[in-house]
Amino acid sequence: MATGAVTAPRPQASDRARRAATERSRGENRLGWKLVAPAVVMMLLVTAYPMFRALYLSLYKYRLTAPEDREFVGLNNYLAVLTDSLWWIDVGNTVFIMVVTVAVELVIGFAFAMVMHRLIFARGVVRTSILIPYGIITVVSAFAWQFAFSLNNGFVNGWLPFVGDDFNWFGSKWPALFAICVSEIWKTTPFMSLLLLAGLSQISEDMLEAAKVDGATWWQRLWKVIIPNMRAAIMVAVLFRALDAFRIFDNIYVMTRGAQGTESASFLTYRQVIEQFELGIGSALSVLLFLSVMLIAFLLVKLFRVDLAAARQEG
Amino acid sequence: MRTKVGQGIGLVLILLWCLFPVAWIFSLSFKSVEEAAAGSPQFLPKDPTLDTYREVLANDDFQRALINSFGISLIATTLSVILATLAAYAIARLDFTGKRVVLSIALAIAMFPVVSLVGPLFDQWRVLGLFDTWPGLIIPYMSFTLPLAIWTLSAFFREIPWEMEQAAQVDGATAWQAFRKVIVPLAAPGVFTAAILTFFFAWNDFVFGISLTSTTDARPVPAQLAFFVGPDQFNAPTSTLAAASMMVTVPIIIIVLLFQRKIVAGLTSGAVKG
């Protein structure tokens with residue numbers, strides 16, 4: 001990476017040139033850091049610093065309504081959270097939503113990518129329409145689906161053959177989670193399909209042709225040629241979407257407000273801080289949420305065994 | 001012939017998937033408030049009316065939220081893209097130690113659980129007087145759009161034939177001319193694409209919008225929409241909400257219609273190298 005880092009013994013004559021080169025690379029280093037510094041400072045200012053503050057506050061009993069009563073309680077907030085079944089139920093919901101939405105999106109997104117890849121007409125129309133769910137505000141998507149599933153104003157009950165007209169989707173946990181997943185899947189599948197489409201277009205036609213000539217069936221070509229060659233693209237898409245789904249908040253806030261046990265870990269954290277003013281417990285939740293995301297990212301990267309920075313860019 | 005039919009079916013399915021819910025919200029927005037309150041489970045309105053749109057347009061809070069959203073998103077986008085351009089230029093063109101560190105920081109922040117910042121920021125912003133102000137939202141929006149902008153822009157900048165700058169200088173152009181006449185036109189599409197994606201992100205934000213504001217002074221549209229619901233969730237003004245939703249979706253549809261090619265290029269840039 002850095003030029004002049006390795007300096008093998010060379011004839012005296014090039015000594016001056018080499019010194020000039022290191023001088024230059026040092027200048028380049030300085031300029032590089034000067035240019036990235038504002039962005040790096042800005043990114044860390046609103047993430048690293050508050051995160052350390054959350055870590056600090058999480059050790060205190062601290063209610064915003066009674067700031068004078070703040071007292072050090074050590075790890076008690078964490079104990080309180082981790083021994084409360086609510087936290088585990090909410091984490092369970094979040095993981096459920098993450099696994100279901102990413103799995104469904106991967107399958108549907110892949111199918112969409114295959115169609116778009118082979119499409120010879122109406123490409124602009126497809127591209128435009130696929131970007132609409134991507135661009136739409138999540139809150140609007142949540143409203144659209146909430147109304148679609150609603151008892152009074154929704155068409156879903158009338159259209160689905162095996163569901164009674166008076167079925168209340170938001171009346172119990174699993175149907176409500178289903179509706180939440182539908183909204184999430186609808187909005188984010190297009191993003192997934194675009195990432196997969198980019199991966200798909202990297203596969204050489206020659207390789208597919210060769211497999212075809214050798215008598216591979218469509219199914220074999222899919223599993224033996226296409227998917228293995230798209231690993232990097234699939235990995236990036238799954239990682240980004242999984243972590244995004246784990247943070248699910250907007251859809252739940254609009255569609256159920258966490259009623260019927262549909263709360264997510266993010267929603268619980270929000271509720272403690274903003275609605276209950278429990279900054280101590282809320283901070284402990286923030287730290288746990290952060291650690292969960294790190295853990296999921298770590299597991300996914302290990303699972304796919306791909307260097308992410310290398311997958312996205314040579315860096 | 002068979003592949004063409006297959007393609008046609010696939011095409012229709014994709015279009016249905018993408019546009020059907022939008023059509024639903026659109027149709028719903030023309031139902032009268034009375035019809036929605038009485039319950040109207042059919043897809044199309046019985047008696048289409050524009051009253052809902054009139055009501056939304058006459059709503060001061062909604063107007064204020066629209067202004068907030070546009071202002072905050074545009075300022076955050078501009079600042080974020082400027083900082084990202086500097087950083088991406090360094091990453092794409094210069095050889096400096098710690099390049100990977102910068103990219104890793106950006107990546108880590110792109111995956112950051114936003115909600116975990118709500119508590120500490122809520123606390124700090126109130127002390128600093130940033131709570132419920134435009135800068136109070138612009139700052140976190142910048143931090144969270146920078147990773148996307150940096151990744152997109154450095155992927156774009158990598159593709160620029162930088163030798164052309166020297167070639168222009170050899171041909172007698174000054175350094176400034178070479179930059180302005182050669183590099184700027186080449187880099188502009190990338191910068192523009194990054195700006196669109198950044199704007200989408202800021203426009204879509206909900207978490208910061210509801211937690212770091214308390215009045216219409218700074219509350220953006222998504223938060224305002226959620227508060228439209230009122231205290232009684234089961235009697236929400238469905239069709240009015242649909243009309244408001246349509247109105248905030250229209251700018252997105254216009255941007256998508258105009259720049260679809262650029263947006264797709266931006267979203268997928270750098271996603272599949274290697």
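User: At 44% relative accessibility, does A:R118 count as buried, exposed or partly exposed?
Analyst: Residues are numbered from 1 along each chain as its sequence is written, chains are lettered from A and ligands numbered from 1 in the order written, and side-chain values use heavy atoms, leaving out hydrogens and water. Buried means under 20% relative accessible area, exposed over 50%, and partly exposed in between, with a 1.4 Å probe and protein chains only. At 44%, A:R118 is therefore partly exposed.

User: Which residue meets the side chain of A:R118 in a salt bridge?
Analyst: A salt bridge here is a side-chain nitrogen of Lys or Arg within 4 Å of a carboxyl oxygen of Asp or Glu. The N to O distance for this pair is 3.7 Å. A:R118 sits in helix 4 of chain A and its partner in helix 9 of chain A, so the pair ties together parts 87 residues apart in sequence. The partner, partly exposed at 41%, is A:E205.

User: How many residues apart are A:E184 and A:R241?
Analyst: Their side chains meet in a salt bridge at 3.2 Å, N to O. A:E184 is in helix 8 (residues 173-200) and A:R241 in helix 11 (residues 231-246) of chain A; helices are DSSP runs of H or I with at least four residues, numbered from the N terminus.

User: Which residues are linked with A:E184 and A:R241 in a network of salt bridges?
Analyst: The whole structure has 10 salt bridges over all chains. Besides A:E184 and A:R241, this network takes in A:E105, A:D244 and A:R247.

User: What is the relative accessible area of B:E165?
Analyst: B:E165 forms a salt bridge with B:R93, with the closest N and O atoms 3.2 Å apart. The two sit in helix 8 (residues 163-170) and helix 4 (residues 60-93) of chain B, 72 residues apart. B:R93 is partly exposed at 27%, whereas B:E165 is buried at 16%.

User: What is the volume of the largest pocket?
Analyst: On a 1 Å grid over the protein atoms alone, a pocket is an open set of points where a 1.4 Å probe fits, with protein on both sides within 12 Å along at least five of seven lines; lining residues have an atom within 4 Å of a point. Points are joined across faces, edges and corners, and the volume is the space filled by probe spheres set on them. That gives about 720 Å³.

User: Which residues of the largest pocket's lining are closest to its centre?
Analyst: By class, the lining has nine nonpolar, five polar and six charged residues. Of the 20 lining residues, the closest to the centre are A:M114, A:R118, A:W218, A:R221 and B:T3.

User: Which element of chain A has the lowest mean pLDDT?
Analyst: Chain A averages 83, and 90% of its residues reach 70 or more. Where pLDDT is low, the predicted coordinates should not be read in detail. Helix 4 of chain A has the highest mean, 92, while the lowest, 51, belongs to helix 15 (residues 308-312) of chain A.

Notes
This is a predicted model: local features need pLDDT of at least 70, side-chain atom pairs count only at pLDDT 80 or more; totals for chains, interfaces and linings use all residues. Ala, Val, Leu, Ile, Met, Phe, Trp, Tyr, Cys and Pro count as nonpolar, Asp, Glu, Lys and Arg as charged, and the others, Gly among them, as polar. pLDDT is the predictor's confidence in each residue, from 0 to 100.
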